[in-house]
Structures are given as structure tokens and as C-alpha cells.
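I opened this structure for the first time and kept notes on what I looked up. The entries follow in the order in which I made them.

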Amino acid sequence: MLDVILLQAKGSADGGSMMSMWLPLILIFGIFIWMSWSSQRKEKKRQANFYDSLSVGSKVMTKSGMVGKIKDIKADTVELEIADGVKVTVIKQGLEAVPANLNQPKTSGK
């Protein structure tokens with residue numbers, strides 16, 4: 001009778017150790033998922049703020065690398081002037097902020 005009780009106690013101890021082995025792995029996976037979700041949420045918020053801050057006359061860059069000034073803003077599109085008299089229409093999601101080094105005036109090397 002005592003042997004049966006000891007075997008049952010040993011069996012429940014093995015099950016507990018199995019759970020304690022998986023718990024850290026589950027926690028690490030959960031933290032990874034949360035960090036990924038959090039960074040995506042921050043990026044979406046940053047993009048939404050950028051699209052809301054667009055105004056006529058702002059200098060922007062398309063994701064393909066064209067730089068121009070905004071001439072007109074519609075619901076989902078923006079009209080850019082990329083050269084004198086050359087206007088293109090792009091989707092708002094195709095725009096990025098102009099890198100800081102493009103906003104600096106060019107200096108001559110003479």
C-alpha cells in the first residue's frame with residue numbers, strides 16, 4: 001500500500017517538472033510576441049501622424065526615391081511637383097519624410 005502511494009506521489013512530481021520546463025519557454029515566446037506587436041503599433045501611429053501632418057508646400061520623398069513638393073492633397077492621393085511644371089499623383093502610403101541630409105543647402109566645393 002505504501003508503495004502505491006509513493007509511486008503516485010512520484011508521478012505527480014514528474015508532471016510538475018514538465019510544466020516548469022515549458023513555462024519559461026512560453027513566457028519568452030509571449031514576451032517576443034508582445035514586443036513585436038508593440039513596435040508595429042508604434043510604427044502605425046507614427047505613419048498616421050505623418051500622413052495627417054502633410055500640407056501643401058511640404059517637401060516629401062516617395063518610397064521609390066523621388067523628392068518633390070506637395071501641390072494638392074486629396075483623400076487618398078497627393079499631387080507632387082518633382083520639377084518645374086512636372087506633376088505626378090501618388091498614393092499617400094507611398095510617401096516618406098525627406099531625410100535630413102536632403103534638406104541641407106548644397107555648398108560648392110570651390
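**Entry 1: salt bridges**

I began with charged side chains and found that Lys 74 forms a salt bridge with Asp 72, the closest N and O atoms being 4.0 Å apart; I took a salt bridge to be a side-chain nitrogen of Lys or Arg within 4 Å of a carboxyl oxygen of Asp or Glu. I noted that this is a predicted model, in which local features need pLDDT of at least 70 and side-chain atom pairs count only at pLDDT 80 or more, while totals for chains, interfaces and linings use all residues. Residues are numbered from 1 along each chain as its sequence is written, and side-chain values use heavy atoms, with hydrogens and water left out.

How many salt bridges does a search of the whole structure find? I counted four in that search. In one of them, Lys 71 pairs with Glu 81, and their closest N and O atoms are 3.2 Å apart. Lys 71 lies in strand E2 and Glu 81 in strand E3, so this pair ties together parts that are 10 residues apart in sequence. Lys 71 is partly exposed, at 37% relative accessibility.

I also recorded the salt bridge in which the side chains of Glu 79 and Lys 87 meet, at 4.0 Å from N to O. Glu 79 is partly exposed at 23% relative accessibility, and Lys 87 is partly exposed at 49%.

**Entry 2: the chain as a whole**

I next stepped back to the secondary structure, which comes to two helices and five strands; helices (H or I, at least four residues) and strands (E, at least two) are DSSP runs, numbered from the N terminus. Read along the sequence, the pattern is α-β-β-β-β-β-α.

Of the 110 residues in the chain, 14% are buried. I also looked at contacts, meaning heavy atoms within 4.5 Å: among those between residues at least 6 apart in sequence, 31% join residues at least 24 apart.

**Entry 3: the sheet**

In what order do the five strands form their open sheet? I read the order as E4-E3-E2-E1-E5, with antiparallel pairing, where two strands pair if DSSP finds at least two bridges between them. Strand E4 (86-91) and strand E5 (95-97) are the edge strands, each pairing on one side only. Neighbouring strands of this sheet are turned by 50° against each other on average, direction ignored; the axes are lines fitted to C-alpha atoms, for helices over the stretch in contact, and angles run from 0 to 180 degrees between N-to-C directions.

I followed the strands in turn and saw that strand E2 (residues 67-73) and E3 pair in the antiparallel sense over four bridges, and that these two strands form a hairpin with three residues between them. Ile 73 stands opposite Val 78 in E3.

Strand E3 (residues 77-83) pairs with E4 in the antiparallel sense over six bridges. E3 and E4 also form a hairpin, with two residues between them, and Gly 85 in the turn has a positive phi of about 80°. Across this pairing, the bridge partner of Glu 79 in E4 is Thr 89, and that of Ala 83 is Val 86.

**Entry 4: Val 86**

I stayed with Val 86, which lies in strand E4 and is partly exposed at 38% relative accessibility. Not counting residues up to four places away in sequence, Val 86 touches Leu 80 and Glu 81. The C-alpha atoms of Val 86 and Gly 68 are separated by 9.8 Å, although the two residues are 18 apart along the chain.

**Entry 5: the surface**

Trp 22 lies in helix H1 (residues 2-52) and is partly exposed, with a relative accessible area of 44%.

Conventions: Buried < 20%, exposed > 50% of the residue type's maximum accessible area, 1.4 Å probe, protein only.
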